[in-house]
Amino acid sequence: MWLRVVLIVAAIGFVLGIYLSYRAQPDLLSNPNWGPLIAVAVIGVPVTVALNMLEFQASAKLVGLRFSLVQAAEITIIGSVANMLPIPGGTMVRVAALKAAGTTVKRGTAVTLLVSGLWIGIAFLYSGLWLGVSSYQLALLFLAIGIAALAVCIFLSAKLATDQSVMTRLLIIKTGLVFVDAARIYGCLHALGHLALFSQASVLTVSSVMGAAVSIVPAGLGVREGVAALLAPIVALPAAAAYLAASLNRIIGLLITTPVALFFGLQSKRGAVKPSE
């Protein structure tokens, strides 16, 4: 019962945030720019999915497993939609897939958390570099968090796997994911008619990490958008525009990935995920 309550409260908060943002700047939704919106949908989301597939393949290789692109697509897409549950759905889907493929729950959880730690480190480093222009103190804080997170991940990876080239690959993929997230937020801001700079949108990427970290709230529903709104004034962006752009980014992603996740989920002929030969 409490799971349902959390989901309802999160959804209400998310919608209320959209409403208040619209009330603050009603012109943002009056005449959307369809070009950037279409670009986010047909380029941004598919590239994000593709990078997530490569990331899962690389993370599985850390524990000696191999997955085909189709298997990786199934796991990452279902996992992204499973995050809408008030549990760490994406993490659970990945750990379950790794266990079904032959590793232990402990190692599967360790490698999944390791990849999440890389995301935290890279996102804070990336945002911190862009923040240097607007807030020197906050930039130093973000950079310190990013460096600490990456240092811990690199240390743990040495105990988890012998092939450190996989870690290099994961670092590159995660950097690409953060950059694409910045591009999607940038596109959503322009779709709302707000001509933001790419540097401003880049600072907001850390909001995705903060949203994912609050797993009790479905997919960080409202948390990601709220953090984006809090960071926006620091880089001279209206809080309402940042909240609506983050909301739009989420909605576009769900509109595209949810039907695909349902397709995979309804394939009754597919058994437990097996590693590729």
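Reply: Isoleucine 185 is buried, because its relative accessible area is 4% and buried means under 20%, exposed over 50% and partly exposed in between (1.4 Å probe, protein chains only). This is a predicted model, in which local features need pLDDT of at least 70 and side-chain atom pairs count only at pLDDT 80 or more, while totals for chains, interfaces and linings use all residues. Residues are numbered from 1 along each chain as its sequence is written, and side-chain values use heavy atoms, with hydrogens and water left out.

Isoleucine 185 belongs to helix α7, where helices (H or I, at least four residues) and strands (E, at least two) are DSSP runs numbered from the N terminus. When neighbours within four places in sequence are set aside, isoleucine 185 contacts Ala201, Leu204, Thr205, Ala245 and Asn249; contact means heavy atoms within 4.5 Å. Phenylalanine 198 is 13 residues from isoleucine 185 in sequence, and their C-alpha atoms are 8.8 Å apart in space.

Helix α7 spans residues 165-191, and its axis comes within 9 Å of that of α5, the two crossing at roughly 55°. Axes are lines fitted to C-alpha atoms, for helices over the stretch in contact, and angles run from 0 to 180 degrees between N-to-C directions. The two helices α5 and α7 are therefore oblique to each other, since angles under 35 degrees count as roughly parallel, over 145 as roughly antiparallel, 65 to 115 as roughly perpendicular and the rest as oblique. The crossing of α5 over α7 is right-handed; a crossing is right-handed if the near helix is turned clockwise from the far one by less than a right angle, and left-handed if anticlockwise. On the α5 side, the contact is made by Leu114, Val115, Leu118, Trp119, Ile122, Ala123 and Tyr126. On the α7 side, Met167, Leu170, Leu171, Lys174, Thr175, Val178, Phe179 and Ala182 take part. By class, the residues of this contact between α5 and α7 are 13 nonpolar, one polar and one charged, with Ala, Val, Leu, Ile, Met, Phe, Trp, Tyr, Cys and Pro counted as nonpolar, Asp, Glu, Lys and Arg as charged, and the others, Gly among them, as polar.

Helix α5 (residues 105-131) also packs with helix α2 (residues 34-62), at an angle of about 135° and with the axes 10 Å apart. That angle makes α2 oblique to α5, and α2 passes α5 in a right-handed crossing. Here Glu55, Ser59 and Leu62 of α2 meet Arg107, Val111, Leu114 and Val115 of α5. The residues of this contact of α2 with α5 comprise four nonpolar, one polar and two charged.

Helix α2 also holds threonine 48, which is buried at a relative accessible area of 14%. Not counting residues up to four places away in sequence, threonine 48 touches Leu177, Val180 and Arg184.

As for the chain as a whole, it has 11 helices and zero strands, and 47% of its 277 residues are buried. Of its contacts with a separation of 6 or more, 72% are accounted for by residues 24 or more positions apart. Cysteine 188 is buried, at 0% relative accessible area, and cysteine 153 counts as buried at 4%. A search of the whole structure finds zero disulfides, a disulfide being a pair of cysteine sulfur atoms within 2.5 Å.
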